[in-house]
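Open the model in your viewer and keep the selection tool at hand. The stops below are meant to be taken in order.

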Amino acid sequence: MTAGYRVTERFLAAVHARDADAAAGCFAEDGTYANVPHAPVAGRAGVAALLRPILGRAERVRWELVTASYTDERAWLERVDRFWIDGREYSVACNGVAEVDPARELIIGFRDYTDLAPWRALIAPVLAG
């Protein structure tokens with residue numbers, strides 16, 4: 001197994017556990033996370049702050065891998081991100097690219113690409129309420 005596989009598996013396990021701090025712990029101290037087209041957040045505190053609202057609001061989270069490819073330095077993850085809120089499932093298709101420091105097995109950069117317009121239309125009323 002590659003470093004890219006091992007660290008992204010730890011990251012996904014933390015997301016599924018809805019643990020924003022553990023997910024952020026998979027990042028290097030100066031690692032970045034970008035929900036493109038938004039500007040990236042930097043550092044573990046930034047990553048945790050980005051993930052905490054949705055992970056905390058959901059009763060259950062599952063980022064289902066559709067296809068994935070790994071090297072020591074990268075992971076490419078085609079996903080369907082599923083969140084259960086108030087007993088209802090909300091999902092969004094997503095492609096993520098993780099850049100990995102293989103020596104430390106930490107994420108140094110993560111970029112998620114999704115069509116935000118349908119996701120915002122679906123989830124904004126739920127998160128506002």
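Begin by selecting Val61 and Phe83: Val61 stands opposite Phe83, which belongs to strand 4. Keep in mind while looking that this is a predicted model.

**The hairpin**

Now extend the selection to residues 60-70, which make up strand 3, and to residues 74-85, which make up strand 4. These two strands pair in the antiparallel sense, with 10 bridges between them. Three residues separate strand 3 from strand 4, and the two form a hairpin.

**Thr67**

Stay in strand 3 and select Thr67. Show the side chains of Thr67 and Glu78 to see a polar contact between them, at 2.6 Å. Thr67 has a relative accessible area of 43%, so it counts as partly exposed; that class lies between the 20% limit for buried and the 50% limit for exposed.

- Select Val36 and Pro37. The peptide bond from Val36 to Pro37 is cis, with omega near 20°. Pro37 sits in the loop between strand 1 (27-36) and strand 2 (41-42).
- Select Asp86, in the loop that runs between strand 4 and strand 5 (88-101). Asp86 is not a glycine, yet its phi is positive, about 50°. Is Asp86 buried or exposed? Its relative accessibility is 58%, so it counts as exposed.
- Select Glu105, in the loop between strand 5 and strand 6 (106-113). Glu105 is not a glycine either, and has a positive phi of about 50°. Glu105 counts as buried because its relative accessibility is 19%, and the class requires a value under 20%.

**The annotated region**

Finally, select residues 9-98. An unreviewed UniProt entry annotates this range as "domain: SnoaL-like". Over residues 9-98 the chain is 31% helix and 51% strand.

How values were computed: Residues numbered from 1 in each chain as written. Predicted model: local features only at pLDDT ≥ 70, side-chain atom pairs only at ≥ 80, totals over all residues. Heavy atoms only, no water. UniProt positions renumbered as here; feature names shortened; annotations may be inferred. Helix = DSSP H or I, 4+ residues; strand = E, 2+ residues; numbered from the N terminus. Buried < 20%, exposed > 50% of the residue type's maximum accessible area, 1.4 Å probe, protein only. Polar contact = N/O pair within 3.5 Å; in protein donor to acceptor, adjacent residues only side chain to side chain. Pairing = 2+ DSSP bridges.
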